[in-house]
Amino acid sequence: MRGQKQGKRKSRLAAAAGLLVAIAAIATVSVTGASADSARSSSGEISGAGATFPAPLIAVWQQRYEAAKSVKVNYNAIGSGGGIAAITQKTVDFGASDAPLTPDQFSACGGCVQLPWVLSATSVMYNMPLKNNLHMTGPVLADIYLGKIKKWNDARIKQINPGVSIPDQDITVVYRSDGSGTSYNFTSYLNTVSAKWKSQVGHGTTVNWPTGVGARGSSGVAGVVSRTTGAIGYADIAYALRNHLKFFSMKNRAGQYRRPGLVGIRAASLADRKFSPTNELSIVNPPGGKKFRKAYPICTYSYVLLRTQSQKASLLKPFVTWALTTGQQYGPPLVFQPIPPYVVARGKATLKKVHS
Amino acid sequence: MAVAPRSATGPAAFKRRGRFRPGDTVLYVITLAAALSGLVLLVLIARELLTAAWPAMDRFGLDFLTTKAWDPNKKLFGAASFIFGTAVTSIGALLLATPISIAIALFLTELAPRGVRGAVGVLVDMLAAIPSVVLGLWGILVLGPFIVNTLAPALHGTLGFLPIFSTKPSVGSNVFAAILILTIMIVPIISSICRELFLGVPQELKDGALALGATRWEVARGVTFPYARAGIAAALILGLGRAVGEAIAVSQVIGNNVAIHWSLFDAGDTLASRIAGQYIGADTKLQINSLVYLAVILLVFSLVVNVLAQIIVRRVAGRHSAA
């Protein structure tokens, strides 16, 4: 009997030992697997993360660039805030953000540069069963988002839409609940058209929305808007177009109502040609005047964030240069206006600071 | 064969047999490590959270709990509206789920024909297997519009004098949607535990009551419920814990608004939902610190709920065995 027991114990011991060996083996495999992964990525692979706004264009770049240069570009559209965090923590080779870095973020990042690489517009979407394309002005939009205008048939909305019979319908304000460069662009615009907005709310990727409901991502906002009669929300124009949502013609300072499109974006891009020391350009709500007659007032550059000292510099610099030049031609079908030559030049000059 | 006395535990229990048995030592070490790892993990998580939340805790102190604002631009953060939202959604879900779950369990153990029991039981349990993000999507696409078009007009029309139904929603994202989603999530948890509990009630007791002429309901009320009291309380608290911690599905349907509204048809937010929604896109260190502060509150909340469950179970069980 004892012999039997001992035998059993031995086999149990053997099983335990086997298990340990198996665990060790799995651990070894996963470790070597990981190192194999990193080895592969160092030869022709770069990774980035950040804003959703440029994501449709970056998706095209990924395909075209890999086909042309056989360098694989990974991009994770996790939002501007996430992109800033990722480049700060060095978990990616490049970040992307619609909101330029704040001085705090620059110092936290330690040796980062940013340059504008994508140019597009934010559309203000609405859901009303009306055939007409509705007009909207900045001050009225700000008061809607402040919760001061609650009804569609408010006198101020009727006044800018003469001849349209707008029914008595509650307005549902929809905003991005996650940190978002689109929110940054949108609130920067409201800042310029409403003193009340500027003092009470301000601009940023996340703000203290006075009213409304939040939804996650452009898809979340567009989803709530499309399912809710009377809703108003905002998303990048490419998104609104792809999903066949209605959007306002916005009044610019030249007094024209403009739809977000390539013409409007190009005109707006003329509004700021003076780079800040950190390559910022602000083109929301361009001034009035003949030059800006066609400008759409809620446009923005989106930025790529790079570390000046990067192991992948030899792969990153050619990719970003390609994106600034060749890559721009893939923009217009997605309503990304190619960036003007002086922005390309500035970008190339900034890239010179990046080294391995 | 010599058997170690039951009271002796630890390595001494093995040594007493006079012979060194490596297998037993290995077993002891492995099980001890497993037992300790849970504790160590909890301590490490708590420490990490406190470290990451410290700048916000230092800056806002306990005022954080009573501050309603969440304003990155003014560098002002507070948890009041999220604590309120968490309490309202989880308690609301518990109030709805309790009668439903107990009814399901009672039906399946006492009333349903044999053939039905298995099938319905499996289906109810399968509700628990729906990933929360899928349930959230269903909440957005089906439940939200249903609330706006059907449920809310009816409730507002008949019970509109109650503060909780005092507004009419224009959009499917609201606190009520979150409550319903959470209810669906916790019903299978509570009902499956209750089912096991009711099955554990000795048949003699039930037979005795029936023999005395008690109706089915009287048996349930007089025998089954008192017998399973402690377990039901624990099941409810488990359900509550699940509802308090759920992030994704809630953040999909609740409307993510920083506000304290009495009407369930307005948008709100919960602790877990806010953390899930904003951590990745957070701009400033202070915002991240504040989000982690929310996580600390959530952790304390959950620990309190769990300890409460233990206390209730012990107390009710003690009273029960004494009776």
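In this structure, 33 residues of chain A are in contact with 27 residues of chain B, where two residues count as being in contact if their C-beta atoms, placed from the backbone, lie within 7 Å. The side of chain A that touches chain B draws at least two residues from each of α1 (2–42), α3 (80–88), β7 (213–215) and α9 (217–227) of chain A, and α1(A) gives the most, with four residues. Helices (H or I, at least four residues) and strands (E, at least two) are DSSP runs, numbered from the N terminus. By residue class, the side of chain A that touches chain B divides into eight nonpolar, 18 polar and seven charged residues; here Ala, Val, Leu, Ile, Met, Phe, Trp, Tyr, Cys and Pro count as nonpolar, Asp, Glu, Lys and Arg as charged, and the others, Gly among them, as polar.

The model is predicted, and local features need pLDDT of at least 70, side-chain atom pairs count only at pLDDT 80 or more, while totals for chains, interfaces and linings use all residues. Residues are numbered from 1 along each chain as its sequence is written, and chains are lettered from A and ligands numbered from 1 in the order in which they are written.

**Chain B**

Chain B has 12 helices and two strands, and from the N terminus on its elements run α-α-α-β-β-α-α-α-α-α-α-α-α-α. The C-alpha trace of chain B spans about 75 × 60 × 35 Å along its principal axes. Of the 323 residues in chain B, 40% are buried; a residue is buried if 20 or more other C-beta atoms lie within 10 Å of its own, exposed if 12 or fewer, and partly exposed in between, with C-beta atoms placed from the backbone. Among the contacts in chain B with a separation of 6 or more, 74% join residues 24 or more positions apart.

The domain assignment, which comes from an automatic or database source, gives chain B domain 1 (19–59) and domain 2 (62–322). Taken over C-alpha atoms, the centres of domain 1 of chain B and domain 2 of chain B are separated by 30 Å. Eight residues of domain 1 of chain B are in contact with 11 residues of domain 2 of chain B, and the side of domain 1 of chain B that touches domain 2 of chain B divides into eight nonpolar, no polar and no charged residues.

Within chain B, B:A247 lies in the loop between α9 (216–245) and α10 (248–253). Its C-alpha atom is separated by 8.1 Å from that of B:L271, 24 residues apart along the chain. Apart from neighbours within four places in sequence, B:A247 is in contact with B:A272, B:S273, B:I275 and B:A276.

**Chain A**

Strand β1 (residues 45–50) of chain A pairs with β2(A) in the parallel sense over five bridges, pairing being assigned if DSSP finds at least two bridges between two strands. The bridge partner of A:S47 in β2(A) is A:N74. Strand β2 (residues 72–76) of chain A has a covered face, A:V73 and A:Y75, and an uncovered one, A:K72, A:N74 and A:N76. Together with helix α2 (residues 55–69) of chain A, β1(A) and β2(A) make a right-handed β-α-β unit; a crossover is right-handed if, with the strands pointing away from the viewer, the path from the first strand over the helix to the second runs clockwise.

In α11(A), the buried residues are A:G264, A:I265, A:A267, A:A268 and A:S269, and these pack against β4 (112–126), β11 (257–258) and β12 of chain A.

A:H244 is in the loop between α10 (237–242) and β9 (246–247) of chain A, and A:N279 is in the loop between α11 (262–269) and β12 (299–307) of chain A.

| Residue | C-beta atoms within 10 Å | Class |
|---|---|---|
| A:H244 | 8 C-beta neighbours | exposed |
| A:N279 | 19 other C-beta atoms | partly exposed |
| B:A247 | 18 other C-beta atoms | partly exposed |

**The nonpolar core**

The largest nonpolar core has 173 residues, and those with the most contacts inside it are A:V174, A:L305 and B:I181. Such a core is a set of buried Ala, Val, Leu, Ile, Met, Phe, Trp, Tyr and Cys residues joined through C-beta atoms within 7 Å. Helix α7 (residues 175–199) of chain B gives the most to this core, with 18 residues. Leaving aside neighbours within four places in sequence, A:V174 is in contact with residues including A:G212, A:V213, A:A215, A:V221 and A:I232.
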